Every structure is written in C-alpha cells, then in structure tokens.
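Dear colleague,

I am handing over the structure we discussed, and my notes on it follow directly below. Please read them with the structure open beside you.

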Amino acid sequence: MAIVEMKKISLVALKSDKDKILKIFQALGNVEAIEIQSEDSKEIVKKALAKSTSVKDADLLDISLLGRAISTLKRYGYRKKPLGFKHALSADKSKEIGQKIKFLTEVVLECQRLEDKLSDIRSGKTRLTNLIAQAEPWISLDMPIKDVKDTKDTKVLLGTVGKDASETFERSLNEPLKDCWFQRLGETKDGYCYILMYHRGLDADMAIILKESAFNKATFAGYEGTPKNAVENYTKQIEALDEQFLEVQKQGERLYSHIDDLEILFDLLSIKQDRDAQTERLLETREAFLLRGWAPAKDEALIRARLEKVSEAIKIDFEDIGRDEVYPVAFRNSALIRPFEMITKLYGLPTHTSIDSNIHMAPFFFAFFGIMLGDAAYGIIMAVLGTYFTKKLKLKGDGAKIGWLVVLLGVATFIWGAVFGSWFGDGGARIGIAPIWFDPLTNPMLMLGLCFGLGFVQIFTGMAIRAWINIKRGLYLDAFFDQGLWYMLLIGLVLMITPVSVVGSYMAIIGAIGLVLTQGRSQKSIISKFTTGLLSLYNVSAYLSDVLSYSRLFALGLATAVIAMVFNQLGAMLGASWVTLIFAIPILVVGHIFNIAVSALGAYVHASRLQYIEFFGKYFEGGGRAFRPLDIKTKFTEILEEEAI
Amino acid sequence: MELGQVLAIAGVALSVGLAGIGSAIGVGIAGQSAAGVVSEDPDKFGQTLILQALPGTQGIYGLLIGFLILLRTEFLAGMIDVSPEAGWMLLFGALPIGIVGLYSGIAQGKASAASIGLIAKRPEEQGKAIIFPAMVETYAVLALLASFLVVWFVRL
C-alpha cells in the first residue's frame, strides 16, 4: 500500500551477545545496519573487525574455493533429485555439519588437488601427443638419433623439404657426378622427411641446393634412440596418464558422497559471511558494541520482544525519523500487487518522501500486457507454467515476485484473449468460439478507441496522483494551477467533439486562459510570466502524443494475433491430407511457442514503457535507496528452524 | 496477370523485405555488442539476448503487413481480381512499415548496442536499458498501424 515507515534503531549490547543478536536480526530479516561514522576517534571506540565467533575453523575455508569444489564434484556423479530440490536444514543437521568442518575442509582441498591433477594430466597428454606427431614421420629411420653424425669425409643431414619444392630438390641431387645419397623417410603435414649424406667436397654446391629448396634441418629434442622407440615410449606415457585419469575419476566419485554436506556448508558459510559484512558497520569497545540502523516501525515490538530474551544487558532505542532525514525505501503491498514491485524496481525506487506507485501502476500494467499479448490459450499456458515453476522451484524474494508476475500476466492475457475471441490466434474462431466482446481485426476502430480511452484514463490518473501529492504537501494552489486547469482544458477539448460541444469549448477556453495566467508564475518579470504561460499551451501536443502512444496496445495485439494466424494457416494447409499432417503438428507447436516468446517480450517491454514514460512521467519522484536488511539467502538449502544458522 | 495483382505482391515484397533488412542489420549490430560483453562475462547472456531481440520486431511487423495483403487478396486461394488503383493503394500502404521498419530497425539496433554497453557496466539497470531502444520502436509501431489501416480498409 505504501512506502514502509521506518524507525531509527540503535542498540548497545555486550560483545559476547553480538553473534546471537545478529542471528536474530538475520532470521527476522528486517534490520539494516548503517555504517557508523565514528566522530570521537578516542581509542576506546574502534571499528569492529569482521571476525565472527560461531564457526571458528570456517575462517580457514574460503567460500569461493568451496563453491568451486562443489562444481568440480558435480562432474563425478549424479543425484536423482526432483526439480527445485533443496536440503532441509534443521538445527541438529547444522550442528553436525559444524562439527565435520575440519573434515569437509579437507575434502575441499582434496577436490582442489584433483582439479590440479586433472589439468596436469590434460596438459601432459597434449604435450605427448605433439611429441608423437613430431617423431612419427621419422619412424622408418632405423637407427638411434645420436648415431646420426658426420664422419671425416661425409656429412649426414636429417631434415624436411616442403612438398612443392621436393621434386626440384630430388632432381638436383640426382644429377650425375654428385657424390651424395638421400632417402625419403616419411611425410609430415606439409613436407617430406629426408636423410641426406654427401662428401664434404660438395659443401658449397649443397649449401645452394639446400637453400633453394628451403631445407629445414630437423631437431630431435628429448630423445636419442630411434624414433620408433621414442613413439613407443611416448605412447606408454600416455597410457600411464590415462590410468591416472581413471584414478582421479575414482577418487572424484568417492568424494562425491560428500557433496550434500558441502552444499549445506556453502549456505551456512555464505549466511555467516552476510553477517560478518554487517559486523563491519558496527562500533566496538572492549566489551560492548553499538549498532545503528533502520527497521520498519511496525516491527518495533517484535524486535524488542526477541532481544529481551537474549540478555538483560541490551539497550535498544527506536527513534522517529527527523523531517529532513533520508531513509531507505521498502514497499509493503498485498500479495496481488507485490509482484508488480519488480516493474517499479527496474525503473528505480521512488524517493522516501514520495508515494508508493505500485498500487496505481499494477492495474494498468496488468491490463496493457493482457491486451498486447491478448490470447486466451497463451494466457492459460503462461499461468499454468508460471504457477508450476514458482511452486516447484520454491522461489523466494525477487524470484517469487517474477514467478507470480508471470502468473498474473497470464491471467490478464487469458481475460483479454477471451474478450477478443483469440485462442491460439484465430484457432478458436476456426472451431467456432465467439469473442465475448468484439474481434479487433474486424472492428479496428473500436479497438483504437478502446486503446486511446485507456490511455486517457491512465494519463488522467497520473495527473490526479500528482495533484494528490501536491495537496498532501499543502501546495493547494499548485494542484489547482498545474493539474486542475489542465483537466479543464483537456476535458473541454474532448467534450468539443461530443454533442455538448458548447460546454466543452467554454471549459477549454477558461482552462487555457487560466494556464496562460498561471504557468509562468515562477518567472520574475511580467513579460516572461506571460510568454512562459502562453508557451505552456504547447503542452497540449505533448498530451496528444501521450494518448496516441497507446495505439501500440492495438498494434502489438495485432502482431500476436496475425503471427498466430500465419502459423495456423501453414498448419491448415499441411493438415489437409493425412500424410502431411505429421509436419503440421511440429510447425504449430514450434510456431506458437515462438509467438508466445516474442510477443510476451514485446508486451512486457511496451507495457513497461507506457508506465515509465507516459504514466510515471506525470508524477513519479525517483531517487530512493532500497532497504537492504540483513537476511538469510540460501542457494542449496531450506532453513527449517532459526537455530540452524 | 493483372497490374493490380502485381502491385499488391510488390507491396508484400517491400514490406517484408525492407523491414526484414532493417531488423537483420539492427539485430546484427546489437549482437556484435552482446558477444563482446558476454566474452567478458558469460553470465550476462540472458540480459543481453533480450536487448538483442528488441530490433527484431520490425521484421515481424513487415511480415504481418505482407501476410495481411496476401490474406486480403486471397492469394493462397488463387488470388482475386485487384484493380490497378487498389493495387497501388496496397503497395503504398505497405511502404510505411517497409521504410520505417528499415531505418528504425537499424537505429534501434544502435540504441540496443549502446544499452548492452550499459548492461556491461551496470547490470542492475536492465529496466532503463530496455527503455532506450523501446523509444525507437514507437515509430515502427506507428508505421505498422498506418500500414494496417490502409491495407485492411482498401476497397478491393
């Protein structure tokens, strides 16, 4: 209904109770600590260190390391668990995990070692495969590499020549009178391997030939025996690595049995980390600590009651917020409006002194999205799938809001679809389902009128809210000048095209004169007062274009309907005979899924736009900061009782 | 084959073709930006994909008008007679979404690319990032409406 009223909370307690108190706050999820600027920099008060006392050994374990270990282990096993499964965490279980923490830390480190080993094995295999590829072409050289060396009179060379150059190379060596011998040994990717022997007297000639054919002297790093031996040796090494890999695999599968415990530990640690982050905002003395922050005013009694049980030595104060104090913004709305808070959040929060826009915006967003997607069957699909996944995945917080938003928008889509008689596009019409009201395709003028009418209503609502904000602040004249006179002018202009056009024209004229006289009231000189007032009438065109903007409701609704019609047409053509019917079904299924996705995206984007630009533009005051209380966020677990954290 | 029928089909070609080109270029521009952002942070795939999809609607609007012309001329059932005047009207009726679709698709692609850059730096501002390209689309929506009214109400 409104922006939640906040109170300033300040609390002094013994340090020995700190963790207990923070845990209570975390479980309640309604206190946000603020950073205390320590004005008196006396030694007795100092910034608290982020060291919690609950799970001491846990400080050794880095949470990101734990996260990585979990994703490593997931490769080694498979758990059959239902969609959205979460570990149920009781206090006993939590205690049990706390006691196992040393052992689990060991498991995490083991996982890290496995990961390291695995990457060693991988890089080792790549290296060996490369070496084999290098040695393989020389395999027919039946002597150890170290024995291939020059003698007193001859030179021996091993090397490769490119495939293009090899013919010339061989021909020039085959020329008569050359005291040389060569043999082609093998083939690499882009050349041939040669062994070449010649008399030292030929050095000069040879140098030219070798250069011309780009003879590449081979290097044999890493082995001295025959290439064949080397390849066998490398292959053996690869086999050894493969065995190690299996070993790692087995070890991983063994460690996999601890994955449930690790996941619970991950959540426990991240809950603790959140708490530690708040601890950094406190001030501490040797024995006590001070916390300042925000809490919803309505929760005062609840917080007091909970803290009283912890210890006698707690002093807690709730203070009303001063006039000019800026406090964080939280919304409180009924379950039907709450999902729409996401739409406002994406735009930005209203400032704390303004009003909660959700209650006004939600009905419009609901209606507009519904018109733009506007298909009864699509609506049912959205609502059913939305409900299923929100329930099944046990979504919480913002996730749940998005889930229920999908459901609500599905309902809106269903309603409008039924009103317009659209079931899978013209699918309903083909089997004789009549629209409840009218079909926009056969009566587009009525449809356009409906869109503009809704636009008119929304724009006027926006102006009314602005006027109400002004009145609430005691700016009665502003409300009358800026909104009242505009109402008069705009309503007058509309009435001019109705039978009571005389009334309309008088209203419009009075409104216009009033605006000319008042809109320049903040200007200094008489002349600029008048010109500003006169120019303000130009805003009539702005209101006109605002209303015309609502024609998109029709256009996007049209897009959904016609795309569906395209696929239905294709399906009908293929469905004409039994043979092609098997093609018709996948085309219809894929086509309508595509249409839901594309049209829902368009409907969401343009419904948002109409709120943000046309509606919020009339009254919204942005710039609020979100209320971020300390609370429990989990990934793998569901906390059953408060004592578990 | 009559001139009117040929003109009507030319209208189909122009609305589907031009608007499709616009969307293809626009989605391409946005896709290049999106790929860049995702190479830095793969988790942003979903967010950037939505922005990349935004300039894709012009192509759909073009197809929509093209389909409506085919529907009105009963092309799939052998095509009715279309007078040359009616043919010209269908052709001109197809032009708004064809031309505006072409240029707004490209412009929206650029705005989307810039918004994808916005997401790269401030992923929490998705709502605002979507609105900038959506502003461009307004004009494609208006053109669609104009095209629809002409094509749907031309007396054949």
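Predicted model: local features only at pLDDT ≥ 70, side-chain atom pairs only at ≥ 80, totals over all residues.

**Helix packing, chain contact and a sheet**

Residues are numbered from 1 along each chain as its sequence is written, and chains are lettered from A and ligands numbered from 1 in the order in which they are written.

The axes of helix 15 (residues 444-472) and helix 20 (residues 551-574) of chain A come within 7 Å and cross at roughly 135° (axes are lines fitted to C-alpha atoms over the stretch in contact, and angles run from 0 to 180 degrees between N-to-C directions; helices are DSSP runs of H or I with at least four residues, and strands are runs of E with at least two, numbered from the N terminus). Met447(A), Leu448(A), Cys451(A) and Leu454(A) of helix 15 meet Ser551(A), Leu553(A) and Phe554(A) of helix 20, where contact requires C-beta atoms, placed from the backbone, within 7 Å.

Between the chains, 21 residues of chain A are in contact with 21 residues of chain B, and helix 20 of chain A supplies the largest share of chain A's side, nine residues.

Chain A also holds an open sheet of four strands in the order 7-8-6-9, with antiparallel pairing (a pair needs at least two DSSP bridges). Two bridges join strand 6 (residues 154-162) to strand 9 of chain A.

Best wishes

Notes. Contact = placed C-beta atoms within 7 Å.
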